[in-house]
Amino acid sequence: QVQLVESGGRLVQAGGSLRLSCAASGRTFSRYTMGWFRQAPGKEREFVAVINWSGSITYYADSVKGRFTISRDNAKNTVYLQMNSLKPEDTAVYYCAADPRSRIYSGSYYSLYDYDYWGQGTQVTVSS
């Protein structure tokens, strides 16, 4: 079992930057694949980025590639999402998620069903 708590979301102007954090409980965090998803009002939750246990493998949604960077610090049980060049369409609640079964290695990382644990989300609002 793992608990995830996101933080760092706030109101920011277009073109600005934010860094989201997701703190995890539990001693097995370093073994988990970690993902970030987001959900805008009236839309389905969508994949944003994923990172494997060591940080050596990352994948991004096309909409954020080149602007967002996912990273992790296993010593701090924390995964980060650095978001640069923010756009109004990035406005959403951002969720982190954990996959203890390493499905990333079989190509399964972009569906909600690839993750077993979820945080409560943090709101990011980008004004134009």
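Which residues does Met 34 touch, not counting residues up to four places away in sequence? Counting heavy atoms within 4.5 Å as contact, Met 34 touches Leu 4, Cys 22, Phe 29, Ala 49, Val 50, Ile 51, Ile 70, Arg 72, Val 79, Ala 97, Ala 98 and Tyr 115. This is a predicted model, in which local features need pLDDT of at least 70 and side-chain atom pairs count only at pLDDT 80 or more, while totals for chains, interfaces and linings use all residues. Residues are numbered from 1 along each chain as its sequence is written, and side-chain values use heavy atoms, with hydrogens and water left out.

Met 34 is also one of the residues with the most contacts inside the largest nonpolar core, together with Leu 4, Trp 36, Leu 81, Met 83 and Tyr 94. That core has 38 residues. A nonpolar core here is a set of buried Ala, Val, Leu, Ile, Met, Phe, Trp, Tyr and Cys residues joined through side-chain atoms within 4.5 Å. Buried means under 20% relative accessible area, exposed over 50%, and partly exposed in between (1.4 Å probe, protein chains only). Two or more core residues come from each of strand 3 (18-24), strand 4 (33-39), strand 5 (46-51), strand 7 (68-73), strand 8 (78-83), strand 9 (92-99) and strand 11 (122-127). Strands are DSSP runs of E with at least two residues, and helices are runs of H or I with at least four, numbered from the N terminus. In soluble globular proteins, nonpolar side chains tend to be buried together.

Five of the six residues of strand 8 are buried. Strand 8 pairs with strand 3 in the antiparallel sense over six bridges, where pairing requires that DSSP finds at least two bridges between two strands. In this pairing, Leu 18 stands opposite Met 83. Strand 7 also pairs with strand 8 in the antiparallel sense, over six bridges, and Asp 73 has Thr 78 as its bridge partner. Strand 7 and strand 8 form a hairpin with four residues between them, and Asn 77 in the turn has a positive phi of about 55°.

The charged side chains come next. Side chains of opposite charge can pair when their charged atoms come close. The whole structure holds seven salt bridges, each defined by a side-chain nitrogen of Lys or Arg within 4 Å of a carboxyl oxygen of Asp or Glu. Lys 65 and Asp 62 form one of them, with their closest N and O atoms 3.1 Å apart; both residues are exposed. Another joins Arg 67 and Asp 90 at 2.8 Å, N to O. Arg 67 is buried at 11% relative accessibility, and Asp 90 is buried at 1%. A further salt bridge, between Arg 101 and Asp 116, has an N to O distance of 3.2 Å. Arg 101 is exposed at 55% relative accessibility, whereas Asp 116 is partly exposed at 33%. Shared partners join Arg 38, Glu 46, Arg 67 and Asp 90 into one network of salt bridges.

The rings form another set of contacts. There are eight aromatic pairs, that is, rings of Phe, Tyr and Trp (its six-membered ring) with centres within 6.5 Å; planes under 30 degrees apart count as stacked, over 60 as edge-to-face and the rest as tilted. The rings of Tyr 59 and Tyr 109 are stacked, because their centres lie 4.5 Å apart and their planes are at 10°. Tyr 59 is in strand 6 and Tyr 109 in the loop between strand 9 and strand 10 (117-118), and the two are 50 residues apart. Tyr 59 is partly exposed, at 35% relative accessible area, while Tyr 109 is buried at 16%. Tyr 115 and Trp 118 make an edge-to-face pair, with centres 6.1 Å apart and planes at 65°. Tyr 115 is buried at 6% relative accessibility, and Trp 118 is partly exposed at 28%. Ring pairs link Phe 37, Phe 47, Tyr 59, Tyr 109, Tyr 110, Tyr 115 and Trp 118 into a cluster.

Trp 118 also takes part in a contact with a charge. The charged end of Arg 45 sits over the ring of Trp 118, 5.1 Å from its centre, and over the ring of Tyr 95, 3.6 Å from its centre. A charge sits over a ring if NZ of Lys or CZ of Arg is within 6 Å of the ring centre and within 35 degrees of the ring normal.
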